[in-house]
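This report covers aromatic ring pairs and nonpolar packing in one protein model. Please view the sequence and the structure together.

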Amino acid sequence: MADETEPEQTFFPAVRTVPIGAAFGWLAAGWNDFRAKPGPSLFYGACFAVMGWLIVLTFRHAYEYVSALVTGFFLVGPFLAIGLYDLSRRRERGQPLWLAPTLDAWRPNVGAIGMFALVLGVILLVWARASLIVFALFYTGAMPSVAGFLDQMLSPDNLEFLFAYFCVGGFFALLVFAISVVSVPMMMDRSTDGIVAVLTSLKAFGANVPAMIVWGLLIAAVVGAGFALWFVGLVVAVPVIGHATWHAYRALVE
């Protein structure tokens with residue numbers, strides 16, 4: 001008798017090549033998702049803003065920790081925005097845009113998503129340590145205050161520190177960006193395992209490097225504007241980027 005057991009699916013989904021300016025379309029689609037019913041999206045944005053304020057309040061006397069943790073937002077953001085991906089998926093399917101069902105959108109694939117979150121958490125901890133090392137190399141005395149740090153960010157006399165800090169931070173940001181371009185939305189949407197999702201993300205990144213550069217710069221610009229407004233701007237910036245990430249996933253993965 002023939003074995004009727006279905007073989008395990010091991011294939012990787014195909015990825016598409018997109019135009020270099022595709023990210024602007026994703027951003028516009030994300031804005032449309034936000035406008036469709038802003039209430040649930042604003043809830044997630046407010047959570048990010050409150051998180052930023054709590055970090056600043058908790059470490060207000062040790063700004064080197066604030067810098068590491070706030071910039072670390074870019075590293076764990078792809079996981080924390082799962083609810084926003086689900087809101088975009090629900091709108092795509094014509095389902096009600098309610099907040100409650102999105103709060104546990106990770107549950108159907110909790111194993112893979114949880115493992116990926118753990119990986120992002122480890123990368124965040126490594127980045128925080130690397131950030132402190134860079135500070136320690138350039139500040140042998142007292143660490144700068146918030147005002148002092150901002151002044152030095154704009155000072156041409158401190159280019160060596162800025163270059164080192166952004167080079168180290170850029171390495172971690174590029175690593176996380178490459179493995180998470182489509183991985184978290186894909187794990188939520190298709191219940192794929194983490195390895196397939198990460199490798200698919202790397203494949204999509206490699207096939208669309210120019211478009212990914214534009215997309216990464218747009219993310220940095222929009223979220224950076226939210227930071228510049230003392231986190232208030234994150235209330236809108238984060239939801240728009242989260243919704244746009246869903247559309248990036250739908251455009252990149254067949």
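## Aromatic pairs

The model is predicted. Searching the whole structure gives 7 aromatic pairs. One of them joins F43 and Y44, whose ring centres are 5.5 Å apart. Their planes meet at 75°, and angles over 60 degrees count as edge-to-face, so this pair is edge-to-face.

## A pair between two helices

W127 and F172 make another aromatic pair, with 5.9 Å from centre to centre. The angle between their planes is 55°, and the pair is tilted. W127 belongs to helix 6 (residues 110-138) and F172 to helix 8 (residues 159-180), so their pairing ties together parts that lie 45 residues apart in sequence.

Both W127 and F172 are buried. Together with F171, these two residues form one aromatic cluster.

## The nonpolar core

The largest nonpolar core has 70 residues. Within this core, W26, M212, W215 and L252 touch the most other members. Helix 6 supplies the largest share of the core, 10 residues.

What does W215 touch, if residues up to four places away in sequence are not counted? The contacts of W215 are A23, W26, F177, I241, A244, T245 and A248. One of these, W26, is also named among the core residues that touch the most other members.

Methods
Residues are numbered from 1 along each chain as its sequence is written. This is a predicted model: local features need pLDDT of at least 70, side-chain atom pairs count only at pLDDT 80 or more; totals for chains, interfaces and linings use all residues. Side-chain values use heavy atoms; hydrogens and water are left out. Rings of Phe, Tyr and Trp (its six-membered ring) pair if their centres lie within 6.5 Å; planes under 30 degrees apart count as stacked, over 60 as edge-to-face and the rest as tilted. Helices (H or I, at least four residues) and strands (E, at least two) are DSSP runs, numbered from the N terminus. Buried means under 20% relative accessible area, exposed over 50%, partly exposed in between (1.4 Å probe, protein chains only). A nonpolar core is a set of buried Ala, Val, Leu, Ile, Met, Phe, Trp, Tyr and Cys residues joined through side-chain atoms within 4.5 Å. Contact means heavy atoms within 4.5 Å.
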